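Biologist: Before we discuss individual features, could you take me through the terms and set each value against its definition?

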Amino acid sequence: MEMAQIEGIIKRVTYHNPENMFTVAKLVTQETRNEITIVGNMPHLTPGERLDLSGEYVDHKKFGKQFQVDSYEIKLPVTVDGLIKFLSSGMIKGIGPKTAESLVEHFGKEVLQVIENTPEKLQEVPGIGKEKAAQISRGFQEHKQIKDIMVFLQEFGVSPAFALKIYRRFGDNTIQKVSENPYSLAREVFGIGFKTADKIAREMGVSVDSEERAKAAVVYLLEEKSQDGNTFLKREELIEALKELEVENVNLNSVLEELVEEKEIVVENIPEAGELIYPAPFFFAEQGIASRLKRLKDGVDRELFPRIQKIAEKYLEEQANLVLSPEQHQVIKQVPETGLMVVTGGPGTGKTTVIKCLMDIFQKAGQKVMLAAPTGRAAKRMSEATGDEAKTIHRLLEFTYDKEEGMKFQRNQDRPLKGDLLIVDEASMIDTILMNNLLKAISPGTRLVLVGDTDQLPSVGAGNVLQDIIESGRIPLVRLKRVFRQARESMVVVNAHRINEGKFPILNAKGKDFYFLPREEPEDVVKTIISLCAKRLPNYNGYHPVNDIQVLSPMRRTVTGVENLNQSLQKVLNPPQKNKAEINFGGACYRTGDKVMQVKNDYEKNVFNGDTGIVTKVDAEENVVNVRYGHGEEIAYEGRELDALVHAYCISVHKSQGSEYPVVVLPVTTQHYIMLQRNLLYTAVTRAKSLVVLVGTKKSIGIAISNKKTDERNTFLQHRIAVYEV
């Protein structure tokens, strides 16, 4: 089919996904001046830019006629209106709408040439000094450099989506780096797979049997599988995966040996398991966890036990109104005796009560108690429940980031934590690497209590640490089973346990806190959720639409997915107003009052994937957005840094782990069929403190409850703990 060619000017960007660069935009065609919709994988398009496009017209069943972009060329604008739109788009730091108008008014159509070639002339415009002129020049050069690199990479079939990721990693050295070793992309650029790097390499003439190609494939596969939670691959699994990448005619032993020498991987032969191939960090982390658990368990000072036991007995006598289960009594008795303990239990079983009792008893004994959790929200919740400060694990370990040295924890085996008891909540969220770093910083003699719910979703990172520790059978474990009377009055708690047991939840019990609203069509589900958040729930019990209500969804896409619900909720909960400044970036609009989430770790800003906050200030002129997070810190995002933010009126169930909200609203539809699992529904329900509202179909709830299948993860930690005889 012959490709159609069109030329036009970008009017606005309707949607842009920073992860895969999928873009929907409105283009005014040069020939007919008609406004058309264009879709495709493109970088951050800017209103006012001229585009030469190649592609075809398609009829979308929902959105009608669209132009599907196959390739494109971006040209700088030439009209006055186009120049103003381009300069005020926020893509060039230092230029906002007012400055853009002033620049074009002063320099006319020559404004871009002035910025590029004689930026000192910018000081002729009132309000622009030497420093701001230099800032504008740097911003323009960076923007231009990105475009040039994209053109270079396009010659090798690299999509704009990948080109921008590559540029972010290598900067101005991109062309040199890619030319020297295209496979470095697969090893050094997050999200760039082996296939993309291989395509570039093949275009450059690299042999299909190249050993560099095979090494890149191995490293890529291990990294890819770690994203699914695996800490290693078995040799036969690796061979099968390599075949899918058409890596077959190579000496695998030689490839693995080279990677071992380069300290990229570790190969371990286990008689009962076979040959296990690890990314090196995961191998040493598993070994470290097992050996350090043994040292902690054996290193406790048991001379303190009689004194702490007496204090515990007196404390419990004084707490006349405190009713504890036998299992809770067991925890309080055993923790002083051992250096290490795991406490698990579902909602309402008294995990928080146990934490508070242990904290009070040890503090009365003159012991220093430390409280920690994996996420900011979990730490905040722990602080509120205990009345003492709880920190995230990263903050506890005094995490720092240096551009030259990278990320590191200041607290480690050489500079351990100073305390007598460390209690870590939401321990099921801790992955292999983080657990190893935590244990490095705990000296023998410090007691460690891990508290968690193993029926929730496992950690996002690789490993299944808490489950492996428990299943090793070598660590003191107490399971809290009794649901207390007060908790039994909550249908949220009752239904969480029913779901976990494979039973259908009790819906719409009069005067209770667990509701189901039947809706068949996805569009009706969305309308109902909007109504719940904007009117019904605030009117019902005064719940704040943004601060108290959290919409969760199993998937990102689909009508009832995270992305569409965020767009729909923002329109109603935080609509545009004259007194609200806003910035458009990548198809999203950020305005004061928006609820947002950080979606990747930023070690320089000390803000992490999953942190949520509120936009407190928007400076459209300087292209800066300020966000205040739950820990009280206000972070500024400039220009392209905004691609680390997404709206958070609705978030995925996975992102909600470790958090608790007064109200949880959850769509349950067959659109999410592949994600309908018991532990996912259980995790979503247990995020609610006061109220749960499910919107969708009973069929979908039934599918989730009956689907107990969980993804198996390759880890060998359980075996290592057993071998170390912890």
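Modeller: Two strands pair if DSSP finds at least two bridges between them, and strands themselves are DSSP runs of E with at least two residues, just as helices are runs of H or I with at least four, numbered from the N terminus. This is a predicted model, in which local features need pLDDT of at least 70, side-chain atom pairs count only at pLDDT 80 or more, and totals for chains, interfaces and linings use all residues. Residues are numbered from 1 along each chain as its sequence is written, and side-chain values use heavy atoms, with hydrogens and water left out.

Biologist: What makes β18 and β26 a pair?

Modeller: Three bridges join β18 (residues 549-553) to β26, and the two run parallel, where at least two bridges are required. Within this pairing, S553 stands opposite S652 in β26.

Biologist: Why are β17 and β26 called edge strands?

Modeller: The open sheet has five strands in the order β17-β28-β27-β18-β26, with parallel pairing. β17 (514-518) and β26 (650-652) each have a single partner strand, so one side of each is left without a neighbour in the sheet. The twist from one strand to the next averages 25°, with axes taken as lines fitted to C-alpha atoms, for helices over the stretch in contact, and angles running from 0 to 180 degrees between N-to-C directions.

Biologist: Why is K234 called partly exposed?

Modeller: Its relative accessibility is 28%, so K234 counts as partly exposed, the class between buried (under 20% relative accessible area) and exposed (over 50%), with a 1.4 Å probe and protein chains only. K234 is found in strand β6 (residues 233-234), and it touches A273, E275, L276 and N714, not counting residues up to four places away in sequence, where contact means heavy atoms within 4.5 Å.
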